[in-house]
Structure formats: structure tokens, C-alpha cells
Amino acid sequence: MDRLIENYLNAQVLAEAFPKVLDGFGVTVAVSLLVIVVGISFGLVLAILRVMNVKVINAFIVAYVDIFRTLPQLVVIIFIYFALPYVDINLSPFTTTVLALGAVLSAFASEIFWSAIKALPRGQWDAASALGFGFFRTLFSIILPQAVRLAIPLLTNRAIAISKGTALGTAVSLPEALGQAQSVTAIVANPSPLTLAAAFYLTFFIPLVVASRWIEHRYGRGHGH
Amino acid sequence: MFSKFSRFGAALIVSALVVGPSVAQEADHPSDKPLVVGTDFGVAPWMIRGASGAEGFGADLINEIGKRLGRPSVEIVDINFSGLFPALFAKKIEFTVNPLNITAERAERMLFSEPLFATGNGFLIKANAEMKGFEDLKGKAIAVNRGTISDTWATANAEKYGFEVQRYDTFPDTVQAVITNRAFAAINEIPTVTYAASRNKAIKVGYNDFNGRNFGYAFRNESGEYRNKVEAVIECLKLDGTMRKLHEKWYGSAPQEGSAIDTVYIGYGAPGFKGFEPTPHVPECK
């Protein structure tokens, strides 16, 4: 027990590491939130494009979705960071991580939105069209509001799971919480900074998990208009 | 003088009274089981993954040490540098065998063997670039392996010389950062960068800063007795020329005269650092 405290809760080391890990935490929060925004909005755009049912576009979307659902997140990050410079695309560690994780999340999100849209009875489209609603009006004022509601529980889980991948950004020198903690750990030869990083992740992701539960509860089920 | 002597005396009495440690050390370092040690792979020519498992200067050295300790075999575990100390403290490995710098900060929390190998900061740059000194780093980005001594040096000197630090998980990633123009230089141990430059035409060693640093093995603080046992073997390898031969085999040249690789240090541990036991002893070499 003493060894655990000495190695993982060492007050002196924790104090020393705090400012650095806190800086890293700022990066973690920024990247995670951007990943969620980029991933979900682009996923929605893809799902809407798919509804339009243009064969060529659909083929591209399906390929995109399958590729990013299959590749491990770390592979996507490393590829963007280390391979793209050979074709003169140099993205910062920050942009790389947001784009890579955002792409992965958008693939899952588009699939979730798409299946939610498909789950709605076909008759709604026909009814709307009988009432003189155009394609876009039907989509945006009838179909999507219901589909988004159906999609929310799956979406929040996936968004949290993927935004946690921010820690993978350390592989391309993103100075986020875990990376900063590992740096200090090696320099002072004591892993306590990792505890600090864990505490920071909890302070960020617990509210996120709670918020997602609230959103699921609030919007997930129908409220019977 | 008196206080030094009485501390030494007290240590003797304590070690005579406590029978526990040697039992505990047999538990953590069982003589009939494979010797389990940890290092990060990819630091050529110290430790690389070859066709038949671990290869390199560090691999040959620890295999020879394992043999002379009488352990049935040696298991070299691949652990990223940033996970190495947690693994050591959690007893996943018996000690570290990567090219690890002996530093005062680390010596506060672990026991070092005597110095094995001299090193310093080597600066790897693109083949068509020039570096004459630290002033050339102004306004540039420098890639380091996270948590290594190069990271410490870069962090401490970033402001002074006006460069930005990028931290990566492995040495090859820092080299990639230089090749892809993300960083001007990659800093690592002199032996490591020298070897990397000899294998890759896109890069060269721009600058060497030998600063009296040395590599050593790191043990948990309670493994003092076993540290001494391993160190006695290392001393024999220095005396009988095995270390020299390994240097010639892997680095392609004789080691620097009078450097750590063929110096047997008095006592156990790294002189001048915490955990050093100044007890003189004569290594019993077979």
C-alpha cells in the first residue's frame, strides 16, 4: 500500500507535475470537443447526401464509412501525420488528431443517422409528398427531427468512446494530458503524474457522460406531441 | 569522517540483522526462472527486433549477463519508454536494460548500476542541413523521444536557444519528423543518432555534445543486493574485454579510451549519485 502511495499518489511529484498536466488537459478538452462537433456534423452531412440516393456519391460514402470504421484510430492519426507530408500536406499535431478522430466519428455517425432515417416508416415520405411537401422540406421538417432523436443514444456513446482517443494524439507529439504526464513520469522516475492525468480525464468525461444521459433522457424518447 | 563511518557501520549491522532482504530478492529475482528485463525497442543498435527476436548491443550484453548470473534464460520485454518506470515499480520487470541515463532525479527513486556506456546529446538533421552549435536551433522545431534525457535537455533549453519542442513516443518517430521537415533536428543519445545516420542517407549527425553522461541499468530501491550481483558480472565483462568486443561488433569501432565501457568503478552503483555503495570489492570473475 505504501508503495502504491509512493508511486501513484506522491504529493511532491503531483505538485510538480500539475501545471504541465493542466496545460495538457486544456488541449485534451479542446481536441475532444472539436472531434465531437466535426464528427457528428460531417456524419449528418454524409447521411443527408446518402438520402439523396445518387449512385456515385453513395458508393463513395459507403467506401469512406467502411474504411474509417475499419482502421484503428492510431493508424489514421499516424498516416495523416507522417505520410501526408510526402505529398506536401503538413498538418499540425492538433489538426491531425481532430481530423483523424473526427473522420472516424463521422463514419460511425453517418451510419447511425442513416439507419435511424431508414428505421422510419416509408409511409411518412409518401404522406408528406401527398400533402405537397417537397423532398428537402420532408427531410428537414419531418424525417430528420425524428431520426436524430432515434440516433441520440447510439451517437452519444460513440462520441464519448472516440473523443477519448484524444490520448492517442501523444503518438504525434500532441501535448495533451496523458503525454504531458508521461513526460514528467519519465523525468522524475515516478508514475504519479499518470494519476493526475486520470483525475483530469474523469473531471472532463464524467460530466460528458452525465450530460449524454440527460440528453438521451430528454430527447431520446418521444415526448408525444 | 565519524558520521560517515558510523553510517557505514550501521548499514553493516542492519544488513547482518535483517535476513529478510535476501529471501525477498530471491522472490523478485528467482534464480531458477528466466531473467525478465525491460527496454523500448527500436533504438538501434542497442535493441532492435530482428528475425530471431531481440538483437543489438543491449541484447547481447543482457543475454551474457543472464548466462553468467546462472539464470536459465533471458526474457526481454518491449515496453515504450514512457511505460518503463511504471513497469519496473510494478515488478513487471526485474530491471531496465535500455540505454538509460543515470541522473540525480532518477537516482532519488531507483538504484543504478555503475556506468556502462558514455553518451551525450546527438543532433540528427537532414543531410543537406547545417548545424554548428546551439545558436542554429533558433526559431526551429526539435523532435525528442518523450521523457528521455533529451526531452529534459530540450525542455530546459527551449527558451534559452529559442526552439520549439515536439515530443514523440519512439526514436524512429523523431527521425521521421526530421525527414518530413516537421522538425529541424531530432535529439537522442550520441550512439543512437550515430548509428541511425550511418543507416539512412537522408539524415546526418549535425552536432555532438558529449557532456559526461552515462547509461546504466536501473533497479527498484529494494533490489540492492541483486543490483550488486549484476554489477559484479558487468565488471567482469569490462575486465575480460567482452564489452569492448560487443562495442566493436555493433558500433563498428573501438570504444572511446577510458570511457565507462572499460572502466571498473569502485563500489556498487553510480559514483556521485544516490544509491552508490562505496564498499570496495574485487569482482570474482570466472
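A nonpolar core is a set of buried Ala, Val, Leu, Ile, Met, Phe, Trp, Tyr and Cys residues joined through C-beta atoms within 7 Å. The views below show a predicted model.

**View 1. The largest nonpolar core of the predicted model comprises 131 residues.** The residues with the most contacts inside this core are Val104(A) and Phe113(A) from chain A, together with Leu124(B), Ile142(B), Val178(B) and Ala185(B) from chain B. Helix α5 of chain A, spanning residues 93-119, supplies the largest share, 14 residues. In chain B, both domain 1 (19-116 + 216-262) and domain 2 (119-213) give residues to the core, so it lies between them.

**View 2. Surroundings of Ile142(B), one of the core residues with the most contacts.**

**View 3. The contact of chain A with chain B takes 19 residues from chain A and 22 residues from chain B.** On the side of chain A that touches chain B, helix α8 (residues 177-188) gives the most, with seven residues. This side of chain A has ten nonpolar and nine polar residues, and no charged residues.

**View 4. The two domains of chain B, domain 1 (19-116 + 216-262) and domain 2 (119-213).** Taken over C-alpha atoms, the centres of these domains of chain B are separated by 25 Å. Contact between them involves 13 residues of domain 1 and 16 residues of domain 2. The side of domain 1 that touches domain 2 consists of seven nonpolar residues, five polar residues and one charged residue.

How values were computed
Residues are numbered from 1 along each chain as its sequence is written. Chains are lettered from A and ligands numbered from 1 in the order in which they are written. This is a predicted model: local features need pLDDT of at least 70, side-chain atom pairs count only at pLDDT 80 or more; totals for chains, interfaces and linings use all residues. A residue is buried if 20 or more other C-beta atoms lie within 10 Å of its own, exposed if 12 or fewer, and partly exposed in between; C-beta atoms are placed from the backbone. Helices (H or I, at least four residues) and strands (E, at least two) are DSSP runs, numbered from the N terminus. Domain bounds come from an automatic or database domain assignment. Two residues are in contact if their C-beta atoms, placed from the backbone, lie within 7 Å. Ala, Val, Leu, Ile, Met, Phe, Trp, Tyr, Cys and Pro count as nonpolar, Asp, Glu, Lys and Arg as charged, and the others, Gly among them, as polar.
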